[in-house]
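I opened a new structure today and kept notes as I went.

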Amino acid sequence: MSQSNRRFLLAKRPVGAVRRDDFTFETVPAQAPGAGQIQVRNLYLSLDPAMRGWMNEGKSYIPPVALGEVMRALGVGEVVASNHPDYKPGDHVSGALGVQDYFTGQPQGLYKIDPRLAPLPRYLSALGMTGMTAYFALLEVGQPKAGDTVVISGAAGAVGSIVGQIAKLKGCHVVGIAGGAQKCQYLKDELGFDGVIDYKAEDVLAGLKRECPKGVDVYFDNVGGEILDAVLTRINFKARIVICGAISQYNNKQAVKGPANYLALLVNRARMEGFVVTDHAKEYGKAAQEMAGWLAAGKVKSKEDVVEGLETFPETLLKLFSGENFGKLVLKV
């Protein structure tokens, strides 16, 4: 007997913030796997700021979600039927499974995970694409050295919180920019950040002068906009700026606001470089092994913010852009 498959299809290109009517929510029979295919029952889905960009038409690092297609999302789930020799029912997998109850298709791009080694949501945070992003963006692009001052925006978010912890392991002075006293306290008390700046309660530039008296050597940018501009005024000679995201700009109805203070890059012979995690796919295994070791030793902590209910997807996604989520935002199907 076929299972029912609830799914969200992209109905139109959003203008500004995502709305429920940008999607079609429907229930259809789950498709049985064909030759070489598997069927996966989705258990948890990753909600990421990048999803907003995937809905836009135009050239990017990955093709946009087509209108009428299942909304793209990374997830973890359990194989329930298989016509592929490498997968059997009961296996757990992670990959692009879509905002739906069941994924049916070729297992290309999926990889097996072990639920005995870590809770499943962790494979979407520190042990998943989030952790890989933090690891490679900081170490390969930011190139932190012991004694460097590293500043992170969106520091209490999924990627930022792990970036800060890795920077501490590398002997850096770490300053996080986050919104709200609770998040800032978490960064200092739980994750060991050296300093915090609450952008909701204080002037960011004043906070940078207080927490980074020797300037900024590495800036890990998750938000763009005015905060990027403020940090540019404080960068040191040969500073490295990692452009990982610009969440403050994703819902703009006008053109994205670029950095006004970019000449600081020239004066300081500094470098600003964009980062896309899939460029490092061949090295995921090595990074995941090191991350797992840090987690097991208590050197890195991972926080997941789990919301229940596939049907809540549009509203839950918006938590990313209002700053409501605390840690890695995960949807329990």
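Which residues form a nonpolar patch on the surface? I found Y262, L263, L266 and V267, with about 440 Å² of accessible area together. A patch takes residues with over 30% relative accessible area and no salt bridge, joining like charges within 9 Å and nonpolar side chains (Val, Leu, Ile, Met, Phe, Trp, Tyr) within 5 Å. A salt bridge puts a side-chain nitrogen of Lys or Arg within 4 Å of a carboxyl oxygen of Asp or Glu. Areas follow the Shrake-Rupley method with a 1.4 Å probe, and for residues only the protein chains shown count as cover.

I noted the ground rules next. This is a predicted model, where local features need pLDDT of at least 70 and side-chain atom pairs count only at pLDDT 80 or more, while totals for chains, interfaces and linings use all residues. Residues are numbered from 1 along each chain as its sequence is written, and side-chain values use heavy atoms, without hydrogens and water.

I looked up Y262 itself. Y262 sits in the loop between β12 (235-243) and α7 (263-267). Helices (H or I, at least four residues) and strands (E, at least two) are DSSP runs numbered from the N terminus. Y262 is partly exposed, at 48% relative accessibility. Buried means under 20% relative accessible area, exposed over 50%, and partly exposed in between (1.4 Å probe, protein chains only).

I turned to the aromatic rings. Rings of Phe, Tyr and Trp (its six-membered ring) pair if their centres lie within 6.5 Å; planes under 30 degrees apart are stacked, over 60 edge-to-face, and the rest tilted. I counted 8 aromatic pairs by this rule. F8 and F25 are stacked, at 4.4 Å centre to centre and 25 degrees between the planes. F8 is in strand β1 (residues 4-10) and F25 in strand β2 (residues 23-29), 17 residues apart. F8 is buried at 1% relative accessible area, whereas F25 is partly exposed at 37%.

F8 also meets F313. Their centres are 5.4 Å apart with planes at 55 degrees, so this pair is tilted. F313 lies in helix α9 (residues 313-322), so the pair ties together parts 305 residues apart in sequence. Ring pairs link F8, F23, F25 and F313 into a cluster.

How many disulfides does the structure hold? I found 0, a disulfide being two cysteine sulfur atoms within 2.5 Å. For C184, the nearest cysteine sulfur is that of C212, 13 Å away. C184 is buried, at 7% relative accessibility.
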